[in-house]
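Subject: A structure for you to look through

Dear colleague,

I am handing over the structure below, and I would ask you to keep it open while you read.

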Amino acid sequence: MSSPFELGVILDDPRALDHARTSDPLTWLVFRNTLANMPRVAAAQRLGERARLAHPEAKIALYGWHYLTHVRSDGFAARASRKLGESEFGHLRECAGVEQAWSVTQAAAEAAGASAVVLRTPPSFSTGQLSRQRLANFVSAHRAELEQFFWAPEGLWTDVDAAAVGADCGVEVLVSSRHDRAAEVSPAVWLRIDGELRPSFADQLAYELEAREAPVRVWFSGPQAHANLRRFARALAFDD
């Protein structure tokens with residue numbers, strides 16, 4: 001393959017590292033469980049240690065705590081076991097709740113050795129100018145504190161619009177796509193592939209993405225994330 005590639009897995013449970021192999025050809029190891037309950041510093045340190053044992057060369061990313069991105073009506077605050085005392089939070093607003101949530105997220109990222117944070121915004125984070133400005137302001141305010149930000153928008157954002165906003169804000173954009181629709185997604189974004197990736201599907205996905213002149217940047221999520229990564233890597237002619 002002539003273009004560079006960055007592959008990774010997104011884990012909802014750190015116990016999924018039991019399925020890891022040090023030979024797995026991944027660049028990114030991403031923990032999505034931190035969206036609901038950001039670990040305290042000691043737990044984040046243990047998470048980072050376990051991650052480095054499983055994938056010594058991988059970059060680590062944590063999903064940002066939901067208090068950064070989700071407002072009360074989105075429901076995360078009611079379900080989470082770790083609570084934030086502030087009454088106002090979410091949507092990357094300039095308020096005490098978001099700043100406290102960022103302090104907690106940053107501390108955990110530093111303890112885990114993470115170089116990036118994924119900001120997953122809910123459908124309630126609209127496509128309007130206010131949301132765009134809040135994203136830009138948040139990333140600008142905290143850019144010096146972290147190597148890289150990813151933005152994973154949900155809702156009515158198209159991948160083309162999200163890519164344009166991300167470029168303006170200086171943030172990488174992660175979008176979800178079915179394996180059979182990945183070729184239709186803007187080359188400017190990172191892809192998240194969910195569900196089972198059968199060998200024939202892996203071949204199709206590799207063929208379509210190799211046809212791009214842009215880099216191949218794919219993260220696999222779900223219970224079979226590591227298995228899907230290996231199938232895709234084999235389809236790209238990498239050793240298992």
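**The largest pocket**

Helix α8 gives three residues to the lining of the largest pocket, and that is the biggest contribution to it. Please keep in mind that this is a predicted model, in which local features need pLDDT of at least 70 and side-chain atom pairs count only at pLDDT 80 or more, while totals for chains, interfaces and linings use all residues. Residues are numbered from 1 along each chain as its sequence is written, and side-chain values use heavy atoms, with hydrogens and water left out.

A few terms are needed at once. Helices (H or I, at least four residues) and strands (E, at least two) are DSSP runs, numbered from the N terminus. Pockets and cavities are found on a 1 Å grid over the protein atoms alone: a cavity is a set of points where a 1.4 Å probe fits but cannot get out, whereas a pocket is an open set with protein on both sides within 12 Å along at least five of seven lines, and lining residues have an atom within 4 Å of a point. Grid points are joined across faces, edges and corners, and a volume is the space filled by probe spheres set on the points.

The largest pocket has a volume of about 170 Å³, and its lining is made up of Ile10, Leu11, Asp12, Asp13, Ala16, His19, Gly222, Pro223, Gln224, Ala225, His226 and Ala227. Both β1 and α8 supply at least two residues of that lining. Sorted by class, the lining holds six nonpolar, four polar and two charged residues, where Ala, Val, Leu, Ile, Met, Phe, Trp, Tyr, Cys and Pro count as nonpolar, Asp, Glu, Lys and Arg as charged, and the others, Gly among them, as polar.

**Helix α8 and what follows it**

Is α8 largely enclosed or open? Eight of its 11 residues are buried, so the helix is largely enclosed by the rest of the structure; here buried means under 20% relative accessible area, exposed means over 50%, and partly exposed lies in between (1.4 Å probe, protein chains only). The buried residues of α8 are Ala225, His226, Asn228, Leu229, Arg230, Arg231, Phe232 and Ala233, and what covers them includes β1 (5-11), α7 (199-210) and β8.

Ala237 is found in the segment after α8 (225-235), and its phi is positive, near 75°. With a relative accessibility of 66%, Ala237 counts as exposed.

**The cores and the cavity**

The largest nonpolar core has 68 residues, and Leu135 and Phe232 are those with the most contacts inside it. Helix α4 (residues 96-112) provides the largest share of this core, eight residues. A nonpolar core is a set of buried Ala, Val, Leu, Ile, Met, Phe, Trp, Tyr and Cys residues joined through side-chain atoms within 4.5 Å. There is also a second, separate core of 14 residues, which includes Trp28, Ala61, Phe76 and Phe150.

Leaving aside neighbours within four places in sequence, the residues in contact with Phe232 (heavy atoms within 4.5 Å) include Leu7, Leu197, Leu209, Val216 and Phe220.

The structure holds one cavity of 30 Å³ or more, and about 40 Å³ of space lies in the largest cavity. Val189, Leu191, Leu209, Arg212, Pro215, Val216, Arg217 and Val218 line the largest cavity, and strand β8 (residues 216-221) gives the most to that lining, with three residues.

**Strand β4 and its partners**

Five of the six residues of strand β4 (residues 116-121) are buried, so this strand is largely enclosed by the rest of the structure. Strand β3 (residues 59-63) pairs with β4 in the parallel sense over three bridges, where two strands pair if DSSP finds at least two bridges between them. Tyr63 stands opposite Val118 in β4. Six bridges join β4 to strand β5 (residues 148-153), and these two strands run parallel; Ala116 has Gln148 in β5 as its bridge partner.

**Two residues to look up**

His91 is not a glycine, yet it has a positive phi of about 60°. His91 lies in the loop between α3 (76-79) and α4, and it is buried, with a relative accessible area of 11%. Leu92, also not a glycine, has a positive phi of about 55°, and at 2% relative accessibility Leu92 counts as buried.

With kind regards
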